[in-house]
Amino acid sequence: MPLQFGHDHYSLLALTTSTPLIERYLAGYPLTLQAQIAQLQAHGTLAEHLQQRYPEGHDIQSDKALYAVCMARKQRYLKNAPMLDKVYFDNRLTIEKQTLGLNTAISRVQGGKLKAKKEIRISAFFKQAPAAFLDMIVVHELAHLKVHAHDKAFYQLCLHMEPNYMQYEFDCRVYLWLNALKQLDDSER
Ligand SMILES: [Zn+2]
């Protein structure tokens, strides 16, 4: 099952809450791979492993900077896609709420014409995430400007914008899972 960001939300937790957490985050990936990840976590080395793989943070902390990042990529790869009216970090998009990116077209009547305002919202969670993961969600949301479904064409477009897209998406899910575990841990304390 592909990731569901976007217009349709990033519904990580599509399965019931009784499903083990890792299966909710890594649904659709081979069970052997899930087992490997679970093992690294059990040995306490998963966080370090991710940290080594993605040592770079980023300084995209403002809505203005986020807008610039999105526009730069859009102009480079998706010139013909609709203009972006607004791009911003949203504190209300959280792991618990299952939505980390959102892509909306709000239709308004302006001067007798119907105009669609394109908005991309990215969870503020990504301010502190590795650069590669912010990159991934930006690419994901931009790709939705052209393709709504998470189909083959969609992922081809993501790969066109970011050749490492698939790896980033997987590792980002692992990262999100780790963070969800941490939150659970903290709430039990
Ligand atoms: Zn999506």
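## Close-up views of a predicted model

**View 1. Helix α5 and its buried residues.** In α5, the buried residues are Phe 133, Leu 134, Asp 135, Met 136, Ile 137, Val 138, Val 139, His 140, Glu 141, Leu 142 and Ala 143. A residue is called buried if 20 or more other C-beta atoms, placed from the backbone, lie within 10 Å of its own, exposed if 12 or fewer do, and partly exposed in between. Eleven of the 13 residues of α5 are buried, so this helix is largely enclosed by the rest of the structure. What surrounds them? The cover over the buried residues of α5 includes α4, β2, β3, α6 (152-161) and α7 (165-188).

This is a predicted model, in which local features need pLDDT of at least 70 and side-chain atom pairs count only at pLDDT 80 or more, while totals for chains, interfaces and linings use all residues. Residue numbers start from 1 along each chain as its sequence is written.

View 2. Helices (H or I, at least four residues) and strands (E, at least two) are DSSP runs, numbered from the N terminus, and two strands pair if DSSP finds at least two bridges between them.

**View 3. The β2 and β3 pair.** β2 and β3 (residues 113-123) pair in the antiparallel sense over ten bridges. Which residue of β3 is the bridge partner of Thr 104? That partner is Glu 119.

View 4. Residues are in contact if their C-beta atoms, placed from the backbone, lie within 7 Å.

**View 5. Confidence along the chain.** pLDDT is the predictor's confidence in each residue, from 0 to 100. The protein chain averages 85, and 88% of the residues score at least 70. Among its elements, β2 has the lowest mean pLDDT (76) and α6 the highest (96). Over residues 1-16 the pLDDT is below 50.

Terms used. Contact = placed C-beta atoms within 7 Å.
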